[in-house]
Amino acid sequence: MRSPSRWHVALTVGFLALLSVAPLWVDASGRGYLVTVLTRVVIFGLAAMSLDFVMGYGGMVSLGHAAFLGAGAYTAGALTYHSLDGSRLLGIPGTDQTLVTWPLATVVGALLGLVIGGLSLRTKGIYFIMATLAFNQMIYFLFNALEIYGGDDGVGLFAARRAIGPLDASDDTVFFYVCFAVLVALAVILNLVVRSPFGRVVRGCRSNMARMAALGYQTYRYRLAAFALSAAITSLAGAMAVTESQFLSPSFAEWTESGELLVMVIVGGLGSLIGGVIGAGALFLLEELSIDITDNWQFFVGVGLLAIVLGAPRGLTGVLLGLGRSHD
Amino acid sequence: MTELSCQGLQKAFGGLVVTDDLALSVESGEIHALIGPNGAGKTTALAQLSGELRPDAGTVWLDGADITDLSLPQRVHAGVARSYQVSSVFRDFTARENVELALQAMDRHSFRFFRPAARNAERVERAGALLELVGLAEVSIVPVHRLSHGQTRQLEIAMAMASDPRVLLLDEPMAGMAPDEALRLAELIQSLAAATAVLLVEHDMDVVFSVADRISVLHQGALIASGDPDDIRADPDVHRLYLRDDAEG
Amino acid sequence: MNLFIEQTLNGLQLGFTLLMVSAGLTLIFGIMNIINLAHGSAFVAADVGGRTGNYLLALLAGIAGAAVAGLIVELGLIRRLYHRDHLYQVLATFALVLIANQAVQMIWGSTPRSVAAPEFLDRTVTVLPGLPYPAYRLAITATGIAVIVFLHLLVERTRVGMWIRAGRTHRELLGAFGVNVRLLYTLVFAVGAGLAGLAGVVAAPFLSVESGIGDHFLILSFVVIVVGGIGSLKGALYGSLMLGRTYLPDLFGRFVDPSTAATAGASVASASIYLVMVVVLVVKPNGLFGLADE
């Protein structure tokens with residue numbers, strides 16, 4: 001296994017450092033509204049990073065991660081909704097306290113990940129991709145059926161606070177730094193995990209599953225644990241996303257969202273963790289730049305994606321690390 | 001003492017019988033070779049002993065305990081290890097990381113999430129010792145894809161030995177090796193017999209007759225002869241089988 | 001009783017529409033071991049073609065258009081992806097989905113439209129006393145049966161079919177038999193796309209045509225294939241019919257009668273087909289008619 005290169009660590013730290021000062025820069029340049037875009041880069045970058053963990057290190061190509069994004073959004077969103085109108089959810093009162101809703105969303109994501117992963121991992125290859133996609137669609141339809149939260153139209157939560165402990169993070173810049181702190185913490189944790197004994201087993205399963213079994217590993221358990229961990233983090237990102245947008249709708253769980261997370265990972269660079277965040281940054285930047293010029297920016301995302309698949313399969317990180325190597 | 005044995009082993013794919021009422025035993029301290037022409041069912045037999053394939057009928061015992069229902073990973077923990085025909089080590093890992101991964105499989109579990117795997121000093125040391133044993137100490141930090149074919153075969157054996165097995169199943173360890181490399185590997189296998197019983201599937205007859213304590217001959221899934229090398233050499237059935245095989249081939 | 005029969009007929013018709021999409025897809029998966037998310041986009045392309053006025057002309061144009069699109073995609077893109085990881089196949093074909101959906105919106109706008117059935121089928125027939133039934137829907141079922149019979153004969157009785165069957169289990173041997181593997185793949189891909197095109201045109205009169213509609217059918221086809229088993233026509237047939245019957249309330253709820261669309265019941269019904277999939281995954285992870293191992 002490639003050991004983490006100096007360049008890789010430098011790239012991770014460098015990009016996160018850049019991201020940490022980005023709000024100051026957009027503020028100074030008079031485009032303060034872009035802070036919310038940066039927050040979305042952080043949130044969806046977190047989801048893409050956790051997808052990269054199962055895909056780039058675990059070799060499990062999931063086309064169903066939007067299900068977990070949706071699960072987190074609906075856990076946090078539903079609690080917030082009930083706190084707004086004072087009703088109860090399954091007998092418990094709602095809350096807009098993210099110190100409650102976010103961890104709860106993480107737990108829900110882990111459990112859903114155990115169920116979906118537990119079933120999907122009975123299959124492999126193309127089957128696995130199709131199974132995760134199908135489960136994604138199932139979750140999507142379930143959310144569509146939740147009339148109480150507006151069915152397929154969704155429901156606004158605009159009156160809700162963004163309460164983080166005693167702190168009211170309704171200010172966009174404050175909220176950005178809250179999300180950014182979560183991202184940094186999980187980036188550190190995931191980077192530790194991929195180098196841990198557990199991470200080695202997961203990477204070994206990607207490389208040669210039959211051989212891992214012959215060494216005495218119960219591969220299913222480790223892959224399932226990795227999948228559930230990723231699902232939990234993606235679900236947390238979903239909760240953060242709904243707190244950010246203050247609008248709960250099934251579109252979080254749409255299958256194309258799964259595809260877009262995949263795109264972020266590949267654009268950024270598979271198997272690098274930070275690549276997911278870089279990819280999210282590139283995608284949102286492209287959207288922001290092109291939205292004034294054309295409504296059809298997805299068309300160009302498609303074209304660009306084809307170019308990357310055929311021309312630069314290691315993504316932006318690969319390109320950046322390649323540049324780094326040539327100076328080595 | 002009998003380490004690994006089987007009785008009445010039966011396996012068919014569709015209508016094709018590949019293992020036919022097979023009975024075998026591997027005694028401690030011995031190298032038992034399993035030979036036979038191509039398609040005789042040697043690898044399939046090995047796969048049923050290791051737990052990769054479930055037999056249609058029959059029983060497998062390890063040290064007197066019925067292990068027929070144990071899965072491949074469970075049998076590894078019980079003491080059956082195997083190497084593969086096709087070198088199947090992890091090509092991006094270094095030689096030492098490969099062995100470390102094999103050693104780590106013997107921990108009760110690997111749900112350890114934070115401490116870097118590379119910092120387990122005891123394991124690093126044991127990996128070094130195993131590499132030393134198979135003669136790969138010098139290339140321990142070389143990524144496997146840069147090793148020679150012979151070296152990857154040696155590494156396979158180091159990984160199989162990591163579980164400290166009672167029985168080692170070797171599937172054609174010499175395949176594709178240069179004669180001098182094969183000779184060194186044969187010596188290595190002989191030296192292993194002190195620590196573990198060996199069941200060896202091998203095509204190279206020179207190697208088989210020089211290292212094996214006992215030889216069993218498989219033909220169309222069934223055992224047609226079993227005995228020490230001299231018996232086998234003198235056995236008319238075996239002669240006919242190999243002569244006919246040569247005539248056809 | 002009549003309602004039950006009517007529902008069953010509807011189920012058959014939906015099932016056979018689904019079959020037209022999934023039969024081609026399962027052959028592509030089975031022989032080429034490649035995942036194609038853009039399969040549903042062929043559906044859209046044909047669907048759009050179906051709005052040209054003359055229905056029969058549109059039918060031919062739809063099939064041919066989709067098949068040619070399939071041909072171009074295979075030659076220009078898919079061919080480069082055979083030896084790549086499934087992940088890159090997913091991405092490249094996802095890119096095609098983005099491009100196709102957006103192109104449809106750019107050219108035809110995002111308002112859903114409806115398409116009329118051909119005049120000579122735009123009436124009802126009495127299938128049982130007291131049970132009138134739209135002739136067009138019966139025609140779809142008939143078309144579906146014709147397609148599965150055609151494919152069955154193709155796979156079981158012809159030389160090309162023999163290669164397809166051999167390719168399912170021993171892909172690497174095809175070249176050794178002197179088969180022009182590239183041509184075979186291109187052909188299978190184009191036929192699969194053509195079938196998706198056919199499905200698009202025949203489904204157009206009872207669905208509203210809009211960008212992204214094909215994706216919906218695509219994912220249903222994935223469920224069909226997971227349930228039926230990769231590469232198995234029989235699996236695609238049983239899977240489609242099973243799902244057609246289970247899935248019914250949703251599709252008609254969603255597309256035929258927008259006023260009752262997305263009612264809770266309909267959405268739950270559509271989620272229920274995935275329960276079928278869950279059961280199959282638990283009992284037979286390789287699908288009902290899948291090979292034991294890839």
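**View 1. Two domains share chain B.** A distance of 26 Å separates the centres of domain 1 and domain 2 of chain B, taken over C-alpha atoms. Domain 1 covers 1-79 + 165-249 and domain 2 covers 91-164, with bounds that come from an automatic or database domain assignment. Where they meet, 11 residues from domain 1 of chain B and 11 residues from domain 2 of chain B take part; two residues are in contact if their C-beta atoms, placed from the backbone, lie within 7 Å. Helix 6 (residues 179-192) of chain B gives the largest share of the domain 1 side, 4 residues. By class, that side of domain 1 of chain B has 9 nonpolar, 1 polar and 1 charged residues. Here Ala, Val, Leu, Ile, Met, Phe, Trp, Tyr, Cys and Pro count as nonpolar, Asp, Glu, Lys and Arg as charged, and the others, Gly among them, as polar.

A word on the model before we go on: it is predicted, so local features need pLDDT of at least 70 and side-chain atom pairs count only at pLDDT 80 or more, while totals for chains, interfaces and linings use all residues. Residues are numbered from 1 along each chain as its sequence is written, and chains are lettered from A and ligands numbered from 1 in the order in which they are written.

**View 2. Chain B as a whole.** Chain B holds 9 helices and 10 strands; helices (H or I, at least four residues) and strands (E, at least two) are DSSP runs, numbered from the N terminus. Its C-alpha atoms fill a box of roughly 60 × 40 × 35 Å along the principal axes. Of the contacts in chain B with a separation of 6 or more, 69% join residues 24 or more positions apart.

**View 3. An open sheet in chain B.** Four strands of chain B line up in the order 2-1-4-5, with antiparallel pairing; two strands pair if DSSP finds at least two bridges between them. Strand 2 (16-27) and strand 5 (65-66) of chain B are at the edges with a single partner strand each, so one side of each has no neighbour in the sheet. Strand 4 (residues 57-62) and strand 5 of chain B run antiparallel and are joined by 2 bridges. Look for Asp66(B) in strand 5, the bridge partner of Trp61(B).

**View 4. Chain C meets chain A.** Here 37 residues of chain C are in contact with 40 residues of chain A. On the chain C side, helix 4 (86-108), helix 9 (213-228) and helix 11 (264-283) each give two or more residues. Helix 4 of chain C provides the largest share, 14 residues. By class, the chain C side has 30 nonpolar, 5 polar and 2 charged residues.

**View 5. Chain B meets chain A.** In this view, 25 residues of chain B are in contact with 22 residues of chain A. Helix 2 (72-78) and helix 3 (95-104) of chain B each supply at least two residues of the chain B side. That side of chain B has 15 nonpolar, 5 polar and 5 charged residues.

**View 6. Helix 6 of chain A and its packing.** The buried residues of helix 6 (residues 172-195) of chain A include Phe175(A), Phe176(A), Leu183(A) and Arg195(A); a residue is buried if 20 or more other C-beta atoms lie within 10 Å of its own. Among the elements that the buried residues of helix 6 pack against are helix 1 (6-28), helix 2 (34-57) and strand 4 (163-164) of chain A.

Terms used. Expected span 1.5 Å × (residues − 1). Buried ≥ 20, exposed ≤ 12 C-beta atoms within 10 Å, placed from the backbone.
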